[in-house]
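Please examine the sequence and the structure shown below. A short report on selected features follows.

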Amino acid sequence: MTSDARKLQARGKDMPFNYNVDNPQQDPPPIKAYFESSTFPNPIATQITTGMLGPRPKWTFCSGNSAMPPTVDVQPQRQPVHADADFAHPSPPFALVVNLPLITFTPENGSTEVWLGTHTGEMSGFKVQEEAHGERASGCIQEALLEQRRQV
Ligand SMILES: [Fe+2]
């Protein structure tokens, strides 16, 4: 995947990316070699998703969105705060995102931020997002609302 990510990165704005051009959207190959307990069928993730969603949760999406190291042409950018569910959805939990870091997160290389309340309550839904589903900025939370959340 690393060599594929470099090929994608070399395509610049012609690559599939999420929010920033240095965040290639890259699906891991669903091959048997990767079905080990530390990845796809992770027992801890399975216990949590089963406990939250009920027995036999369904795996419906598997993709990667990697923040690549900077290049001469592309400096690192912070991914905007966004909801992963940028579409109408019920208020009870209906899905979970399980993130598997491909490298060790440190303060120096950054990590995934989790903003509480982006998928539920007053801080969620279409009314708090910048763009419609499917747009590059879809799911981005409006800056004025983020400022309110920062205070919390
Ligand atoms: Fe996301």
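Is Glu143 buried, partly exposed or exposed? With a relative accessible area of 45%, Glu143 is partly exposed; buried means under 20% relative accessible area, exposed over 50%, and partly exposed in between (1.4 Å probe, protein chains only).

## Basis of the report

The model is predicted, so local features need pLDDT of at least 70 and side-chain atom pairs count only at pLDDT 80 or more, while totals for chains, interfaces and linings use all residues. Residues are numbered from 1 along each chain as its sequence is written, and side-chain values use heavy atoms, with hydrogens and water left out.

## Salt bridges

The whole structure holds three salt bridges, each defined as a side-chain nitrogen of Lys or Arg within 4 Å of a carboxyl oxygen of Asp or Glu. Arg150 pairs with Glu143 at 2.9 Å, N to O, and with Glu147 at 3.0 Å, N to O. Through shared partners, these salt bridges join Glu143, Glu147 and Arg150 into one network. Arg150 and Glu147 are three residues apart in helix α3, and therefore separated by about one helical turn; helices (H or I, at least four residues) and strands (E, at least two) are DSSP runs, numbered from the N terminus. Arg150 is partly exposed at 40%, as is Glu147 at 38%.

Glu113 and Arg78 form another salt bridge, at 2.8 Å, N to O. Both residues lie in the loop between β3 and α3, so the pair ties together parts that are 35 residues apart in sequence.

## Iron site

The iron ion has His82 (NE2) and Asp84 (OD) as protein donors, 2.0 to 2.1 Å away. Donors are N, O and S atoms within 2.8 Å of the metal (3.2 Å for Na, K and Ca); water is not among the atoms, so sites may look incomplete. His82 is buried at 17% relative accessibility, whereas Asp84 is partly exposed at 47%.

## Nonpolar core

The largest nonpolar core has eight residues: Val81, Ala83, Trp115, Met123, Val128, Ile141, Leu145 and Leu146. Such a core is a set of buried Ala, Val, Leu, Ile, Met, Phe, Trp, Tyr and Cys residues joined through side-chain atoms within 4.5 Å.

## Sheet

Three strands form an open sheet in the order β1-β2-β3, with antiparallel pairing; two strands pair if DSSP finds at least two bridges between them. Because β1 (17-18) and β3 stand at the edges, each with a single partner strand, one side of each is left without a neighbour in the sheet.
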